[in-house]
Amino acid sequence: MKIIILGAGQVGGTLAENLASEANDITVVDHNAERLRQLQDRLDIRTTQGMGSYPNILKQAGAEDADMLIAVTNSDEVNMVACQVAHTLFRTPTKISRVRAIPYLLKQDLFGSDAFPIDVLISPEQVVTNHITRLIEYPGALQVTDFSKGLVRLVAIRASKGGPLVGHELAYLRQHMPNIDTRVAAIFRKDSPITPDGTTVIEDGDEVFFIASTNHIRSVMSELQPLEKPYKRIMVAGGGNIGHRLAEKLESKHQVKIIEHNSKRCIELSESLNKTIVLQGNAANKEMLLEENIEDTDVFCAVTNDDEANIMASMLAKRLGARKVMTLISNADYVDLIQGREIDIAISPQQTTIGSLLTHVRRGDVVNVHSLRRGAAEAIEAIAHGDHRSSKVVGRRLDEIPLPEGTTIGAIVRHNEVLIAHDHIRVQPDDHVILFLVDKSRVREVEKLFQVGLTFF
């Protein structure tokens, strides 16, 4: 595909990296020459310097025959106008735009063919908020991703002593929980992937990815680690877009406190939130944290737009007794350094957002993509079309499908019914098939499996 990406910031750069590795024709547009040069040094892409919404710059970037425009600059207005220009002047088939400001997002009528012609709206703050909310919903999970409108979830969890399955073969799970169906899609042991079968023994410290119906998630988690008590008290450092949305989402079921240094913003937050306690101050101030009973806090969540401030506040909160700390970190180089030490979960906004962008770039009828393990692995929900003559999957048993190495089918959703993958199941037309790839470079092969005859959807 020929794709133009507007914005060479963190999301644009991560996206270019993901797409360039999949043999797409990528052009990145940004007004910052230095950023473009850094990207070009690392990736096989073209770059154009200039304002992404200007017609002449879009033309220079190849908009006349581009398949897709992805506008992820820091300005909502530039992104929206760029989509309008691409539609009006160049008839670009697919236009994706990042829009952050809530006043725009509240007016859905703004986004349509007779207004701003944007096919897909991406709001990274909303994606990150949903991601953190799911982690709070399942204490002990490292990542929780939704498929088929939340009917199925893929969960990453660290196996630890005290979990009944630890030290046993996977086959033991079936005997131990005869009424619950689940599939372990992959295991990462010391950062190396293992493709599991019934004889695989779960070891303490393994990172286990399993798929199950949403109503069975907790039961399966309890097999892999001692079940943690639900989280009640949440402290959020940073009252920006993410902090605000998070408090809004959690305050009905949890006791939430927000720490924000800006007094004007504190007033806005206290006026728009119902039950949340809003505190003005510095989240990395020891006295303040102790005053607010940090030692009784279940989750300390640092979501300011400053990585260093988030890391320092989180490390301090953990040392003072917070049960779990989750930290928003934009700089990818920091994530591996700190996760799993004093910081329990490092959240990368780029990796969290990238899945929702990749969903629209995949060939075949792909309705969901989740980037896992900081982009190394991927989970995909694809819809099977055609019949046994035109499709490589329809009409076949799961054990007859020629899956690329390191790829497993975890579940099938058929007419809102969840079928956990077993060899004897045959794929039917319109089945939603959920796959796990330990090696993202195999994505193209998986897409080809779900393409019917010679056509793309």
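Author: Happy to. Let's begin with a strand pair: β1 (residues 2–6) and β2 (residues 25–30) pair in the parallel sense over five bridges. Within that pair, Ile4 stands opposite Thr27 in β2. Keep in mind that this is a predicted model.

Reader: Thanks. What is the strand order in the open sheet of six strands?

Author: The order is β3-β2-β1-β4-β5-β6, and the pairing is parallel. At the edges sit β3 (46–49) and β6 (120–122), each of which pairs on one side only. From one strand to the next, the twist averages 15°.

Reader: And how many bridges link β4 and β5?

Author: Four bridges, with β4 and β5 paired in the parallel sense. There, Ala71 stands opposite Ser97 in β5.

Reader: Which strands does α1 lie across?

Author: Helix α1 (residues 10–20) lies across β1, β2, β4 (68–71) and β5 (94–98). Relative to β1, α1 runs at about 165°.

Reader: What about α4, which strands does that one lie across?

Author: Helix α4 (residues 76–90) lies across β1, β4 and β5, and runs at about 170° to β5.

Reader: How many residues of β5 are buried, then?

Author: Four of its five residues are buried, so β5 is mostly covered, taking buried as under 20% relative accessible area.

Reader: Nice. Switching to helix packing: at what angle do α6 and α9 pack?

Author: About 45°, with the axes of α6 (residues 124–137) and α9 (residues 241–250) 9 Å apart. That angle makes α6 oblique to α9.

Reader: Is the crossing of α6 and α9 left-handed or right-handed?

Author: The crossing of α6 and α9 is right-handed.

Reader: Which residues meet there?

Author: From α6, the residues are Glu125, Gln126, Val128, Thr129, Asn130, Ile132, Thr133 and Ile136. They meet Asn241, Ile242, Arg245, Leu246, Lys249 and Leu250 in α9. By type, the residues of this contact divide into six nonpolar, five polar and three charged.

Reader: How many residues of α14 are buried?

Author: Nine of the ten residues of α14 are buried, so the helix is largely enclosed by the rest of the structure. The buried ones are Pro349, Gln350, Gln351, Thr352, Thr353, Ile354, Gly355, Leu357 and Leu358.

Reader: On to the backbone. What is the phi of Lys149?

Author: Positive, at about 50°, although Lys149 is not a glycine. Lys149 is in the loop between β7 (141–147) and β8 (152–158).

Reader: Is Lys149 buried or exposed?

Author: Exposed, since the relative accessible area of Lys149 is 88% and the cut-off for exposed is over 50%.

Reader: And Asn416, what's the phi there?

Author: Near 65°, again a positive value in a residue other than glycine. Asn416 lies in the loop between β20 (407–414) and β21 (417–420). With 63% relative accessibility, Asn416 counts as exposed.

Reader: Which residues does Val208 touch?

Author: Leaving out residues up to four places away in sequence, Val208 touches Val155, Ala156, Ile157, Ala159, Val184, Ala186, Ile187, Ile202 and Leu224.

Reader: And how many Å apart are Val208 and Gly150?

Author: C-alpha to C-alpha, Val208 and Gly150 are 20 Å apart in space, and they are 58 residues apart in sequence.

Reader: Great, thanks for the tour!

Definitions and conventions: Residues are numbered from 1 along each chain as its sequence is written. This is a predicted model: local features need pLDDT of at least 70, side-chain atom pairs count only at pLDDT 80 or more; totals for chains, interfaces and linings use all residues. Side-chain values use heavy atoms; hydrogens and water are left out. Axes are lines fitted to C-alpha atoms, for helices over the stretch in contact, and angles run from 0 to 180 degrees between N-to-C directions. Helices (H or I, at least four residues) and strands (E, at least two) are DSSP runs, numbered from the N terminus. Angles under 35 degrees count as roughly parallel, over 145 as roughly antiparallel, 65 to 115 as roughly perpendicular and the rest as oblique. A crossing is left-handed if the near helix is turned anticlockwise from the far one by less than a right angle, and right-handed if clockwise. Contact means heavy atoms within 4.5 Å. Ala, Val, Leu, Ile, Met, Phe, Trp, Tyr, Cys and Pro count as nonpolar, Asp, Glu, Lys and Arg as charged, and the others, Gly among them, as polar. Two strands pair if DSSP finds at least two bridges between them. Buried means under 20% relative accessible area, exposed over 50%, partly exposed in between (1.4 Å probe, protein chains only).
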